[in-house]
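Here is a short briefing to read alongside the model. Have the sequence and the 3D view open, and follow the topics in turn.

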Amino acid sequence: MHTKKPRMNLAARVWKTELGCFLRACEAVNSPRSLTCYLLAQSGDWDQYLSLAMPDPDKDGFADDYVVTEAMRKNPRLPGLSIDRKANAKSKWIEAENACRATNEQLRLYRQGKISFHPRYEAVLTKAQQIIAQVLGKLTPEKLSFAEESFRFGPGATSSCSGRDVVLSRKMVSRFDVTPGLYPYWRSLTRGLWALSVDEVSLRHYSTIQFVPKDAKTDRPIGIEPHGNIYVQLGLGALLRRQLRRYGLDLDTQADKNRLLAGRAQSEGLATIDLASASDTISHELVWLLLPPDWAYLLDTARTGWSLCDGRMYKLEKFSAMGNGYTFELESLIFMALARACGDADAVSFGDDIIVKRPTAHLLISTLNLFGFSVNERKTFLAGRFFESCGADYHDGVNVR
């Protein structure tokens with residue numbers, strides 16, 4: 001009599017398939033690096049696998065070795081890891097807040113005339129301010145009307161909607177939470193959309209930090225914004241996106257352009273730069289320093305100044321982070337302006353994926369460091385045969401992702 005084997009659950013079946021594909025890929029590559037990856041995977045030593053350095057781009061067989069080295073790096077299902085992904089993410093989030101605090105203190109002293117920067121950074125700062133002012137232009141009634149017409153809800157959770165309620169029909173009738181800065185405007189914000197009484201509008205001064213899978217080593221922190229704030233933030237993000245598009249940086253298509261430029265970087269003398277925790281290190285003072293005051297005030301009105309993380313309330317030193325509806329557009333604007341202010345009039349940015357001419361790269365990196373940003377060394381390439389941007393990896397101009 002045959003005993004029926006218990007059926008594996010879906011997660012186990014997915015992992016078995018992934019592992020089998022990876023082992024077969026290692027066998028097919030058949031190199032010393034692929035043998036190392038095979039043995040580590042077969043023994044379940046994923047901690048050691050994740051510590052493997054990137055293969056040498058100047059050696060034969062790089063493309064195949066790169067595939068097996070990177071293939072499982074972003075898989076959040078790796079079993080037996082000693083890594084606590086949430087703890088890693090929370091630690092980085094707090095480190096970013098500390099970095100923003102230091103930057104804010106430095107920029108306050110600068111604004112008060114108590115310290116000065118080297119002339120080359122003064123020149124970059126002035127030029128970046130001019131570029132941003134040119135991109136944004138005057139804050140006219142037409143631009144405010146465009147932002148208002150673009151107010152909307154995104155696909156994610158808010159302070160009033162989570163789980164099964166994260167659908168537009170539920171969001172349109174949910175409690176309208178707003179921060180104190182936005183509260184004076186709630187009647188005009190909800191005009192024609194909700195039949196709300198004052199009791200249905202609630203003050204909520206904080207976002208809630210949640211952690212979602214990012215890769216095998218760490219989770220990604222995302223702020224769940226007050227219901228009304230995200231509605232307004234997405235409209236302001238649409239306005240920033242329109243202004244950038246008019247200036248020549250179309251965020252709807254720039255990712256593809258970044259990938260093409262990464263493919264040409266070796267032959268055209270470009271550098272690809274990526275930042276660590278970029279959105280979490282946009283300090284409050286930096287936004288007020290770079291943007292025209294009326295634009296900074298507009299964005300500040302809709303931002304959330306506090307976050308609740310694991311039961312503790314934090315007064316945010318960052319201006320905005322992942323979860324805020326205009327963070328991506330704001331960081332694209334800032335990084336593009338700083339890159340061009342460093343001397344490359346054609347520099348582009350898609351979020352923190354920056355591409356510049358190589359002679360500009362070192363000044364840009366030192367400028368970014370001055371303003372509290374950190375380069376992700378594993379994903380930044382200033383020369384050589386390998387370049388990466390927006391999820392495309394090029395070796396000798398060939399995509400090896």
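C37 is buried, with a relative accessible area of 0%. Please keep in mind that this is a predicted model.

**Cysteines**

- C26 is buried as well, at 3% relative accessibility.
- How far is the sulfur of C26 from the closest cysteine sulfur? The distance is 5.3 Å, to the sulfur of C37, and that is too far for a bond.
- A disulfide is a covalent bond between the sulfur atoms of two cysteines.
- The cut-off for calling one is 2.5 Å between the sulfur atoms, and by this rule the model has zero disulfides.

**The three-stranded sheet**

- Three strands form an open sheet in the order β5-β10-β9, and their pairing is antiparallel.
- Which strands stand at the edges? They are β5 (270-273) and β9 (348-350); each has a single partner strand, so one side of each is left without a neighbour in the sheet.
- From one strand to the next, the twist averages 15°.
- β5 and β10 (residues 353-357) run antiparallel and are joined by four bridges.
- To find this pairing in the viewer, look for T272, whose bridge partner in β10 is I355.

**Helices on the sheet**

- α14 packs on the sheet and touches β9 and β10. The direction of α14 makes about 160° with that of β9.
- α15 (residues 358-370) also packs on the sheet, where it touches β5 and β10. The direction of α15 makes about 135° with that of β10.

**The loop asparagine N324**

- N324 lies in the loop between β8 (312-315) and α14 (327-341).
- Is N324 buried or exposed? Its relative accessible area is 9%, and the limit for buried is under 20%, so N324 counts as buried.
- Leaving aside residues up to four places away in sequence, N324 touches E225, I230, Q233 and R303.
- A302 is 22 residues from N324 in sequence, and their C-alpha atoms are 9.3 Å apart in space.

Terms used: Residues are numbered from 1 along each chain as its sequence is written. This is a predicted model: local features need pLDDT of at least 70, side-chain atom pairs count only at pLDDT 80 or more; totals for chains, interfaces and linings use all residues. Side-chain values use heavy atoms; hydrogens and water are left out. Helices (H or I, at least four residues) and strands (E, at least two) are DSSP runs, numbered from the N terminus. Buried means under 20% relative accessible area, exposed over 50%, partly exposed in between (1.4 Å probe, protein chains only). Contact means heavy atoms within 4.5 Å. Two strands pair if DSSP finds at least two bridges between them. Axes are lines fitted to C-alpha atoms, for helices over the stretch in contact, and angles run from 0 to 180 degrees between N-to-C directions.
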